Amino acid sequence: MPDLYFGAAADATEAEKAAIDEAIAGWGPVTVRVSERLVHAGLTRARERRHLLLPALHALQRAAGWISPGGLDHACRVLEVPPAEGYGVATFYHLFTHEPPVATDTVHVCDDVACRLVGAIDLIDDLRAEGHHVKASPCLGQCERGPAIMVQRTGRSDVTVAAVDGGPVTPSEVAVAVGSGASTPSVTVPQAGDPGLRLLSRIGVVDPTSLEDYRTHGGYLALDASVAMGGDRVIAEVTTAGLSGRGGAAFPTGI
Ligand code: FES
């Protein structure tokens, strides 16, 4: 059984409970009382359902517009996850909100390194000026199409808005996407073939299933050079270059 309780001031609403219960419906709650004498429960059932915490939290966020304390309590109760752990998961991810929603739609704009370089900060200002509820977000995984936008909508499917023609997304394109509920279609790397590409220069050129093809197009040359340089010089080069963000969190790569 959970070891800590929030003592949520308000229980989950029926809509919140329904959303969470639907998200785990394929497995059902850990504890099922079939009759007074027959109860299915136990550690094995709890372990088997552990992976459902995130889907349950996503369902709660979508239904209620936030991770309400009562909703989180309910998710932890039906999955028998200690609320301290549930709270840790819910507060780790940026896309979960912990205050009652101030708008039906929240426009998340990535202001991480790649998107910042192509106008994310100006776009955030423009969207706010047009009345959108905007949150600056860490990387949304659309780095090649920045500034990346994801509109989180209460009670409806989220919408992804991304640049497709090389130019940044405009506030009016965001408004159209929110109104229509249609995400920008998925595309391959839009800069494929651009001679200015460095890291992605082999996109669409090399057969990704062939190491030989990769080598033919210069693959592993940097590795050979690094081995020849030795560890200390490689670390010095990377540190001097100021490279950051290779792990997605913009930490310095060379230390
Ligand atoms: S840096 Fe913006 S989506 Fe990755």
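I take helices (H or I, at least four residues) and strands (E, at least two) as DSSP runs, numbered from the N terminus. The model I am reading is predicted, so that local features need pLDDT of at least 70 and side-chain atom pairs count only at pLDDT 80 or more, while totals for chains, interfaces and linings use all residues. Residues are numbered from 1 along each chain as its sequence is written, and side-chain values use heavy atoms, with hydrogens and water left out.

**Entry 1. The chain as a whole**

I recorded 11 helices and six strands for the protein chain. I then looked up the radius of gyration, which is taken over C-alpha atoms; the globule rule is 2.2 Å times the number of residues to the power 0.38. A compact globule of 255 residues would have a value near 18 Å, whereas the protein chain has 23 Å. The C-alpha trace spans about 70 × 45 × 35 Å along its principal axes.

For burial I use relative accessible area: buried means under 20%, exposed over 50%, and partly exposed in between (1.4 Å probe, protein chains only). Of the 255 residues in the protein chain, 32% are buried. Accessible areas come from the Shrake-Rupley method with a 1.4 Å probe, and for residues only the protein chains shown count as cover. The accessible surface of the protein chain comes to about 15300 Å², and carbon and sulfur atoms hold 57% of that surface.

A contact means heavy atoms within 4.5 Å. Among contacts with a separation of 6 or more, 60% are between residues 24 or more positions apart.

I also noted the charges, with Lys and Arg counted as positive and Asp and Glu as negative; His and the chain ends are not counted. The place of a charge is taken as NZ of Lys, CZ of Arg, CG of Asp or CD of Glu. The chain carries 20 positive and 30 negative charges, and their mean positions are 6 Å apart.

**Entry 2. Salt bridges**

A salt bridge is a side-chain nitrogen of Lys or Arg within 4 Å of a carboxyl oxygen of Asp or Glu. I found eight salt bridges in the structure, and I examined some of them.

One of them joins the side chains of glutamate 14 and lysine 17, at 3.9 Å from N to O. Both residues lie in helix H1 (residues 14–23), three residues apart, about one turn of the helix. Glutamate 14 counts as exposed because its relative accessibility is 60%. Lysine 17 counts as partly exposed, because its relative accessibility is 25%.

Glutamate 212 and arginine 215 form another salt bridge, with their closest N and O atoms 3.4 Å apart. This pair lies in helix H9 (residues 211–216), again three residues apart, about one turn of the helix. Arginine 215 has a relative accessible area of 43% and is therefore partly exposed.

The side chains of arginine 49 and glutamate 48 also meet in a salt bridge, at 3.4 Å from N to O. Arginine 49 is at 4% relative accessibility and so counts as buried. Glutamate 48 is at 38% and so counts as partly exposed.

I located glutamine 61 in helix H3 (residues 53–64). Glutamine 61 counts as buried because its relative accessibility is 6%. Leaving out residues up to four places away in sequence, glutamine 61 touches Trp66, Ile67, Leu95, Phe96, Thr97 and Gln152.

Valine 205 is in the loop between helix H8 (171–180) and H9. At 45% relative accessibility, valine 205 counts as partly exposed. With residues up to four places away in sequence again left out, valine 205 touches Asp213 and His217. I also checked valine 205 against alanine 192: the two are 13 residues apart in sequence, and their C-alpha atoms are 8.7 Å apart in space.

**Entry 3. Backbone points**

I noted a cis peptide bond between glycine 146 and proline 147, with omega about -5°. Proline 147 is in the loop between strand S4 (134–137) and strand S5 (149–153).

Glutamate 80 has phi near 55°, a positive value in a residue other than glycine. Glutamate 80 is in the loop between helix H4 (69–79) and helix H5 (83–92). Its relative accessible area is 19%, so glutamate 80 is buried.

Tyrosine 220, also a residue other than glycine, has a positive phi near 70°. The loop between H9 and helix H10 (221–229) holds tyrosine 220. Tyrosine 220 is partly exposed because its relative accessible area is 32%.
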